Structures are given as C-alpha cells and as structure tokens.
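I opened the model and kept notes as I went. The entries follow in the order of looking.

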Amino acid sequence: MMVLLMAAQTIAQDYELKSTVDVFNDLNKLHRGLRVLYIAAHPDDENTRLIAWLENEKHIETAYLSLTRGQGGQNLIGDEKGDALGVIRTYELLEARKIDGGEQLFTRAVDFGYSKSAKESFEKWGKEEVLADVVYAIRKFRPHVIITRFPPDRNAGHGHHEASAILAAEAFDLAADPKAFVEQFDRVETWQANTLYFNTSSWWRKELEGKSDEELKAEQIHVVNIGVFDPLTGQAINEISSLARSKHRCQAFGTARDRGERKEFLQFVKGTHQEAWYDTMQGVWMRSPDHQKAILEVLNAFDFKNPKADIELINEGIMRKVGQRNMWADAKDIAWVNQMLDDIALNLNGVRVEAFAGQDPVVVGSDYLVTIEVYNGGASTIDIRFSHPNIDTSFSVEEGRQVSFTRLFRAPNEISTPYWLRNPHKDLYVLDKNEHLGLPFLEDERIKYVVKADRPISGSTVLHRKCTDRSLGEIVQPMRFVPLIRVTPSVKSMIVRSWQDIEYSTTAHAYEDCEMSWIPLDVNTSASIGFANLKLKKGQELMAYSSSTGYKGLAPKNIERAVKSGDVIYNQSIRLINYDHIPEIQIIEPALIEVTFVEMGKAKGKILYIEGSGDEVDESLELIGYEIDRTPLAQLGNKELDSYKAIIVGIRAYNTNDELPAYYDKLMRYLSNGGNLITQYNTSYSLKLEQIGPYPFKISRQRVTEEDATPDFLVADHAVFSKPNKISMNDFDGWVQERGLYFAEEWSDEFTPLIRWKDADETEFSDGALILAQYGKGSFFYTGISFFRELPAGVPGAYRLMVNMIEYKP
Ligand SMILES: [Zn+2]
C-alpha cells in the first residue's frame, strides 16, 4: 500500500491510481519477496517504527497480528466502550497500516480488560482456541520471519502481552506440524517460518543502548537503525511511524514526528539465525534467483516519467520469466506474484476503475443505483470487460478519457454490522464462517474486470458510497445496508426502584417511504401509544412516549420495542460510529431497554457534572432521579455552585479538560462552604494540575481487575457504607470487567481510605480505591472504582454506593 502524504481528513482508497514512486516501491516489494508477521496483543502494541522500516526501507511485506481488537481499553475521544470501542480501535489500526504500509490481522480473542498474567488470559479465552488462530494466521500469511513485541514471561506486563509471546513461540512450530489443527487444512497448508525474533528494547533492558555491536552479536541480537531518510517520499522512516502511531487517537497516542537515529533490537529466539536476514533472505525467490535478478534489472532501469517504457521493461524482463512453466515457486507465491504484477500493470497503464453508490444507506433487499467509472490515464486505448451479474459488458476507453455508466444492484439481505459482532460472545468472538477468521473486516462487494492492454490484466474494485461535500470535497464511506425501519429507545438501560414511575420514548426512523404500526408493549407497562397504519416518508421519524406508574417488577426484565410494516417486525436499532479519522461504521443493536431493579431510597437533587474524556455516569444518575447540570464552571457564580448537592468530575477530566485547572480555587471554595466534590479516576501521566484535591495525594497505576475481588471495608461503620443505603457484600455482586483502576497512593494524613481489595494472585492489598477528606465544611472523594463501567451496565450495588457518596454528610 502507498505511503500517505495527504491531509489527515482524506482516507486513501485502493482504487486510486498510484504514483510511479508507489509502483516503484511495489516492484521493490516484489523483488524482496519476503514476509514478516509481527505479533502482539492489542491495537497500539505494535511497533510502528519497525513495521514502517520493514515495509518502506526494506520493502518487506509486513502484517501485524493483534490478538484482540482492544475493546477492554479506555476511550479518550468518546463514550464508546466494549464492542463499539473494539470497532474504533480496529479501524484505527487499519488507518495506521495505510500509513506504515503493513497489513492487519486478528484472532478471535476478546480484550476482556486488564489481565495480570497469561495464565488468567488463557483461562478466559481457552488457550487452544487462540493458539489455533495464531497458527492459522501463520499458515495463511506464510511469514518467513515472525517477530514478537513482548517477552513470554511476566516482564511483558499485561497478561495479554505475555500470552501473545507464548502463543507466537508455540505456533511457530505448530504451524509446520501436519498433525496440529488438522481442521484448518481445507483452507490452509502447513508453514514453517525461518526465524522467530523478539523485538526487545531498552524498556526491558536498560543497558541495551550502550552495548557494542560485538556484544550484541554475541547475544544474537540484531541492531538496526530505523531512523533513515527516504528521498522518494521525503520522509524519515520514524516520521512515517509517528504519523501511523498518531492514528491511535482513542488511546491518545498522538505523537510528534520523530527523525534522526533510532535503534531497534531483534533478539534471536528460535529457527535459523541469519546475519542481516532483512537484506539477504530470499523468501519467495528461493528456488528462482534469476527471477529476482530480472526484477532488479527493471528496478535499475525504472523511469519515473515514462510508465510506458516501464511496462515494456517488465514485459521483457519479468513477464517472460514468470510466464514459463510454473515450477519456479510455490503455487501460493506464484498467485501473489501474478497479482502484484497485475496491480503494477494496471497502475502503469493508468487504469482506474471505481464503483460507487450514493450517500444514503441502502435498505436490505432493495434495488439501488451504482455508478461505474473507468478512467484511462495511460498512453493508448484499452479494452475492458466486466464479469459481474449486473455489469456484463465490455467496451473500449481511449487514452485520457473517462467512461461512466450506471447499473441497478440488489442489496444483500443482511444488515451491515462488523462481522465479528454478528453473534453474541463472551471472551471469544463467534464467527459465522471459518474463512472469515483473522480478517480485519469483511469488505463490501468486489467487482472484477479484465483489461486488455498489451496483455490481459485482471483487476477488481470494491463498491462504496460516495458524496461530495461543498466544504470537504469527496467523502467516501463503506456501504451501509439498513433495515427499512430503525427502532431506537431513548435509553439502553434503566435502573428502577420499586414502585418508581418510569418514562422513556422510542423513535422509529424510516429509511424508505413506508407504513408502520407500533407493536403494543407487554402487560407490565401502560403505553401512551397504540397507533397503527402510520405513513412515514423516507428519513422521517416518529416518536412514541411510554410511561408507567408504580412499576413493581422484582427481577430484571427487559422492555422490547418493535414496529411492524407489512408482515415484517422491526426490532433493531443502528448505532453509528462516526469519527473523521476512520470510516463510518454501523453496529446493529437490539431495540430493548435493559431494566434492573434496585432497592434504594429516592435519589433527588441537583448535581453538577464536569465532563472528562467521556463517560455515561451522568446519564446513569439521571436515570435514578438526580437532576444533572452540565454548565461549564466558567458560567457559574459561587452562589450557584453552592446550590449543588454534589459536583462530580468525570473520568480523566484532569487529563483532558484544559479549562479545569483554572477553576481549582472555585471548586475548593465550594468544598469549604459545605460542598461534596467527587473526583473519578485520572492518570498520573499528563495531569494538567499537580494537586487535584484539597490535600496532596498521588495517583498510582494500581488496579483490581477481578470483578469479583472481595472488598474489605476499612471503616466498617462509616456513613458511606450505611446512609441512605446499607451496603453489604451483596452490593459487590454482578460487577463487570474490574473493580477499579488508577487508585490513590501516598495521600496526606487528612485522607481516610475506605475500602481495600486485591486480585487473587497479588500479595498486597490496594486501599486507595476510595479515599475521603474533610475540607472546611465539605467532603472530597477521589475514587478509582469503575463507576463508569458499572453504572451504565446497570449494577445495582454500584448505584447504591455512588448514591451514598453523593448523599454523604460529614
Ligand atoms: Zn497492549
């Protein structure tokens, strides 16, 4: 793939014509005929410096296998968590690969959150399952060299990291074993990679940077300077790497462009250790060095201003050789070489084929219009033939001309959603089809064609949506297939106290003109709606309000919402992930409200919520009856501030909110006047304010990742555990993912720690998850407890504890 030199807004597309510089780089890649698989655990673990160097300096095809899609991590750009976050991180990886040139692969492993050991990770995923997926990735991608980011021991840190190195080492051998994972052999064959390296660094071994070349050699460690300048693109390799790394926006990995010498270390683990393998290993051309020599000759004579001459060079030098009897390489490598040569030929001939629908999403099963454009930027007329059920046509295009035409396409019957989310999952994604395993995403329909230039050349183009915006220009997005009607309840979950009145609304959105009826709610609620035969125009929405007094359920009960049109029931909502650095992706969600009952006193009063990096704690508190105000501190006078029952600071607010430090004094005045200030977790790295509480304390990296870790109340009779809700061990049942993270440490004497707990394999307790100090007449809480996960997940105990903190009076 090509290196991006464009503004961030534009997302490069495969069907765009490549410059001769990019074609030259592709030829270089063909000449090297070498593949490297880089293995780690999460989106953002990958070393973009090494990948950028392998791809752009050494012209080695490099893929990054991330065990997970990172759905258990944090999100610093929005409030997506879990599956939706995994979608963002998947596409951020793909955008990073577009810049550094690599490919992207995954396993079925779900990022279930922080894990303290590989052992724990394997227990959740099932070791054999993920091992099978890594073996499959190796058998499919067929790397000559495998590189791990982490060591296979506890030095790796995160348990997923350690697991990735252990799996890589085992899979290195098993991929070649004809008795291992035999069920894969209908799709892939055995594969033996030459060498396994560990991409070690001074992070683990401080002394590495100072070692001489001889010392490193004695330890079988390659040291390479990846900080080299590429005159063809005008960028240093580490500069390309910085641009790729900065795509991990939801992880706040934006970084300045790096230039100058930068060492990378590759430590031999197993296989065959070969000096400077990145220059000398023959890969695809092992059995036919004369083919490789022929490509080198083309490279040496390559003319950047005369593609026609380059085509002739290739035809005479390479095509004749590869056209000989197919004995010069493995069949799969021959297919790869032919595809590379076709792609190079199409680009040198200036053939650009694009197929696009309009801006609007398309209703499943309906007919829609697709425009096909064929542009001939080459020096002579071409003939093109499409072989597609809807485009069975052939014609000529003169040089310098573009031909476009439209055809009707029939939309598939499946609503678009990321393929790995089609089935419910716990710690391992469940796929519909084995052949989807490892794919970063399922691409939209690919339209094939053959161009007759000096020889028949096969090409294909992926269907997409396209529109033109007056300020941004062309906007290209993946296809979106939608249901006729989208049904969206106003809330996803609801915490309901016994005999509470509940209210919510439901929106029905029509993607095409239609007639619909609301399906009545179940007997437990008295709906204020009952309309039938409502006519909706395309794009129109109808809202229905539902309310119920004295809801008296005792067990959790979901409210399902649906409409009917014709004989079809529509009960699905569409969640749109929309950021300008990744494509627009939709996720199907069921149109239901998860209802959880909780025994709790009535929550009443006004809370000021100061947003941090994004969480749904404020919305959750609204659900149980609090009035939430989100007015910026700047607009509130001291008197108004004093009227709030509590001020709650959202997660990472002191990491992300630039205005907040300026209002420290204002918040302290509120505190001393008798206010109640609750600050949720921040990270110590990049705190915008040194002291965020009334007295000093530090923020650690301590976390308790086992969601069922036993809590110990450090002050058992404290009001936080008794008023208005009597907190017991039952309140710590049913938590999700973890107890908390970024706990306080080294607090001053004014603070009282209230709770302590630890993960099973830890010896030391963490007691900084909830600390409290009095300041003047008020109370200050710092808490690393994961309320941002537990409240939206409807965990009753977390609500009861949070209410006690809000209602706390010293
Ligand atoms: Zn990681």
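Entry 1: I began with aspartate 45, which is buried, with a relative accessible area of 9%. I took buried as under 20% relative accessible area, exposed as over 50% and partly exposed as in between, with a 1.4 Å probe and protein chains only. The model is predicted, and local features need pLDDT of at least 70, side-chain atom pairs count only at pLDDT 80 or more, and totals for chains, interfaces and linings use all residues. Residues are numbered from 1 along each chain as its sequence is written, and side-chain values use heavy atoms, with hydrogens and water left out.

Which protein donors does the zinc ion have? I found His42 (ND1), Asp45 (OD) and His161 (NE2), lying 2.0 to 2.1 Å from the zinc ion. Donors here are N, O and S atoms within 2.8 Å of the metal (3.2 Å for Na, K and Ca); water is not among the atoms, so the site may look incomplete. Along the chain the donors of the zinc ion follow the spacing H-x2-D-x115-H. Aspartate 45 sits in the loop between strand E1 (35-40) and helix H2 (48-57), and histidine 161 sits in helix H6 (residues 159-174), so that the pair links parts of the chain 116 residues apart. Helices (H or I, at least four residues) and strands (E, at least two) are DSSP runs, numbered from the N terminus. Histidine 161 counts as buried too, at 12% relative accessibility.

**Entry 2: backbone angles.** I looked up positive phi values next. Histidine 59, a residue other than glycine, has phi near 55°. Histidine 59 lies in the loop between H2 and strand E2 (61-66), and is buried at a relative accessible area of 13%. For alanine 276, phi is near 40°, again positive in a residue other than glycine. Alanine 276 lies in the loop between strand E9 (263-271) and helix H9 (277-280), and is partly exposed at 24%. I also noted a cis peptide bond from lysine 723 to proline 724, with omega near -10°. Proline 724 is placed in the loop between strand E39 (712-713) and strand E40 (740-741).

**Entry 3: a hairpin.** Strand E16 (residues 446-452) runs antiparallel to E17, and seven bridges join them. I counted two strands as paired if DSSP finds at least two bridges between them. E16 and E17 form a hairpin with three residues between them. Arginine 446 has valine 462 in E17 as its bridge partner. In strand E17 (residues 456-462), Ile457, Gly459 and Thr461 make up the covered face, while Pro456, Ser458, Ser460 and Val462 make up the uncovered one. In a regular strand the side chains alternate between the two faces of the sheet.

**Entry 4: parallel strands around E35.** How does strand E35 (residues 646-649) direct its residues? Ala646 and Ile648 point one way, Ile647 and Val649 the other way, and all are buried. Strand E33 (residues 606-610) runs parallel to E35, joined by four bridges, and tyrosine 609 stands opposite isoleucine 648. E35 also pairs in the parallel sense with strand E36 (residues 676-680), over three bridges. There, valine 649 has threonine 679 as its bridge partner.

In helix H16 (residues 664-672), I listed Tyr664, Lys666, Leu667, Met668, Tyr670 and Leu671 as buried. Glycine 674 follows H16, with a positive phi near 110°.

**Entry 5: cores.** I looked up nonpolar cores, meaning sets of buried Ala, Val, Leu, Ile, Met, Phe, Trp, Tyr and Cys residues joined through side-chain atoms within 4.5 Å. The largest has 75 residues, and Leu621, Val720 and Tyr782 have the most contacts inside it. Helix H18 (residues 796-806) gives the most to this core, with seven residues. Apart from it lies another core, of 34 residues, among them Ala63, Leu65, Ile138 and Trp191.

Entry 6: Valine 704 is in strand E38 (residues 703-704), and counts as buried at 1% relative accessibility. From valine 704 to lysine 29 I noted 675 residues in sequence and 46 Å in space, C-alpha to C-alpha.
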